[in-house]
Structure formats: C-alpha cells, structure tokens
Amino acid sequence: MSQPLDTLWYTRCPVPTGLGIAVQKGWLEETLAGQGTRIKSLRESDNQAVRESHFDHTLQNSVRHGGNIPAIWARASGRETRVIGLSWADEVQLILTTPDSGIKTVKDLEGRRFGLPNWANAQIDFTRAQAIRGLENALRLEGLEVKDVELVDYLRGGTFSDEPAQQVNGITTFGGRRSGGQNAELVGLLRGEVDAIFLKGASAAQLAQQFGLHTVIDTGSHPEPLVRANNGTPRTLSVDLNLLDQHFDAAVGILESVVRAEQWAWTHPDDTRRYLARETNSSEYWVTQAYGEDAHQRLRTELEERSIVALQDFTDFLQRWNFIPQTFSVREWIDPRPLEALRSRTALAG
C-alpha cells in the first residue's frame, strides 16, 4: 500500500531532461500536490550534505534525473536506489586541440599530452570519468589505447556541491562559483601545456567555436551506440528504495510529470529549445549545435534495451578504471513497475 509522502526532494543536471522541463513548467509540483506532497530542490538547499546527495543519493525520498556516473557510483557504493527510467539524448562529445597542434586525426594523438580534470576532494569525479571514456572510445576506433597518450592531471580543490544552485532571473545556475573556473584543462590547452582535451554538451560546442579549436573527433555522433555511451547517454531517472517501497504513487507521479513534459516537447520545438537553454545555462543556438535540431524529439524516458546494454557497458568501464568499487547488474538495478503502472493507467484513460 502506497503511503502519503510529505516532501519529495528533486534534483537534475544542467542537461536536457524531462524532469527539468517538468520542474520549469510546474508540472512536477502540480502532479505531486494532487497527492498531498510538496517538492523541494535538493541543489538549492543551504545544507551541503543535502546538496551532496545529488551525487551520493543519501537523502531519503529523493529523485534524480541526469548524468549516470553519480547514480552508478552511489549504487556501487551500497546506496539502495532504483532506476525507474532511462533517457537517451545524444550530445556532442568532443576531443579538441588547437589548430597549430599538428593533431588532425585520432591517430595523431599517440604520444601526445591529454589534459584531464582531477577533482581530488569529490566523492565521484564524473568530469574525469567522462573524459577518459571519450578518450578511450576514440582511441579504440584506431586500434590505440589510453596508455598510448600521456595523461596530464589538473588538480582541483573543493567539491561539486560547495555552493548551492542559484536563481538568476528565474534561471537556475548549478554548482555556484568554482575556484579557478570550470575548465582548468581548457586553460592548459590554450597555454600549450597539453595537446588535447575532452569537452561535451552545449558549453563544449560554444567554447570550441569561441577559441577556434579543432575537433579531432565527436564520439557523440558515431553510429555505434556503445561508442556514444557516456555519462549523458543514457541518463538515469533514479529514486531511493524507501520512496519506491513506501510511496509508490509518488514514483508513478514523478514519471507522469516527466512523460507529460517530454510529450509536450515533441510538438513544441521552439519552446523546448528555450527551456533547454535555461536548463543548460546556454543559448538556443548552442543547444541546437550540441543536441541537434531535433533535440525536442530526443526527450524520451523509457527502458529501452539499447539503453540498458549501454548502461551496463559503461558501468563495467567505471569499475575497470576504479571509479566505482565494484560492478553490478544494471537489469537488477532497474524497477520497471512505476513505468508499467503509468502505461496501464494511460491505457485505461484512453
């Protein structure tokens, strides 16, 4: 029997997600209010332990939609969470160099210096993991390995949750200010300290053009899904087990608001680009460059076989590189019941 839930804590990454649009349009709040539940933004909390739950999922009765690395790390570290949906919105994943580096193709990376972020104080350094994944996948296409390049670390202090997310004219800025900026490895590339780096998403597309960088490869556009599989492909919609066991109706309500937002997006491309620009702290132009002209059509939270296989492959990658203590079965992590309940309800209503 589903029990009433007083408060749901929600969090999402600054990337295209149905949850992000559902929050912006007020549909998550509206749906849960019908069950007597209020919602709170986890990343806007004044308590850092609460904000850090975006990464370690320790806060009870919370939902997270975004990059899968923190979700995988939390599960591998023993957190009792379940995935109730997976979304796959391809994005640019760029290996970038300066025009005078002499690096034109992936093969040219052999023996060269590759800059990597290293957030030593973070529980899980998702920025480092996604960069190594992009590099490894690119090199494998040419029969090379990561050991064939020289890795150069850019050590960072602090964590990703040192400051709460802020509202600026109604737009959420995630992560607050970070000492030394956001991309120390980019600064290193521009200074000539390294020869190549990895960046992804709307900010990558914008920075590449602004600084006249050369794109060696965009693994995010490769036809093979496992080459594209990374932190954002697929993205996980996850909840803690207490929420699922004690407040099942809330879990279904979360999915209902997410799917409602996504279905709205499919027929509102211009409005969706504006919402995604707000989510990514970017512009509509860079959203299009990073996520495609059909970005509004890519918002689909399901449990597709392709996504499950890719998530398992990526989980195994994280264990192989010691980002997580152990691998696990992604299929056993997934609980399809909320999605099945929503589909049954929708079929009956139709």
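Reader: How many bridges join S3 to strand S12, and do they run parallel or antiparallel?

Author: Four bridges join S3 to strand S12, which covers residues 235-240, and the two run antiparallel. Two strands are said to pair if DSSP finds at least two bridges between them, and strands (E, at least two residues) and helices (H or I, at least four) are DSSP runs numbered from the N terminus.

Reader: Before I go on, what kind of model is this, and how are the residues numbered?

Author: This is a predicted model, in which local features need pLDDT of at least 70 and side-chain atom pairs count only at pLDDT 80 or more, while totals for chains, interfaces and linings use all residues. Residues are numbered from 1 along each chain as its sequence is written, and side-chain values use heavy atoms, with hydrogens and water left out.

Reader: Back to S3, then; which strand runs parallel to S3?

Author: Strand S1, residues 7-12, runs parallel to S3, residues 62-66, and four bridges join them. Across that pairing, Tyr10 stands opposite Val63, and Thr11 stands opposite Arg64.

Reader: What does the whole sheet look like, and which strands are at the edges?

Author: The sheet is open and has six strands in the order S2-S1-S3-S12-S4-S13, with mixed pairing. Its edge strands are S2 (38-41) and S13 (301-302), each of which pairs on one side only.

Reader: Are the residues of S3 buried or exposed?

Author: Five of the five residues of S3 are buried, where buried means under 20% relative accessible area, exposed means over 50%, and partly exposed is in between (1.4 Å probe, protein chains only). In a regular strand the side chains alternate between the two faces of the sheet. In S3 both faces are covered, with Ser62, Arg64 and Gly66 buried on one side and Val63 and His65 on the other.

Reader: Where does Asn281 lie, and what is its phi?

Author: Asn281 lies in the loop between helix H11 (269-279) and helix H12 (284-291), and although it is not a glycine, its phi is positive, at about 55°. Asn281 is partly exposed, with a relative accessible area of 39%.

Reader: Which residues of H12 are buried, and what do they pack against?

Author: In H12, Trp286, Val287, Thr288, Ala290 and Tyr291 are buried. The buried residues of H12 pack against helix H7 (201-210), S12 and H11. Just after H12, Gly292 takes a positive phi of about 95°.

Reader: Changing topic, where is Gly158, and which residues does it touch?

Author: Gly158 is in the loop between strand S7 (150-156) and strand S8 (166-168), and is partly exposed, with a relative accessible area of 22%. Leaving aside residues up to four places away in sequence, Gly158 touches Trp119, Asn121 and Ala122, a contact being heavy atoms within 4.5 Å.

Reader: Last topic, the chain as a whole: how many helices and strands are there, and what share of the residues is buried?

Author: The chain has 15 helices and 13 strands, and 57% of its 350 residues count as buried. Among contacts between residues at least 6 apart in sequence, 79% join residues at least 24 apart.

Reader: What box do the C-alpha atoms fill?

Author: Taken along the principal axes, the C-alpha atoms fill a box of roughly 60 × 40 × 40 Å. The radius of gyration of the chain is 20 Å, which agrees with the value near 20 Å for a compact globule with 350 residues; that radius is taken over C-alpha atoms, and the globule rule is 2.2 Å times the number of residues to the power 0.38.
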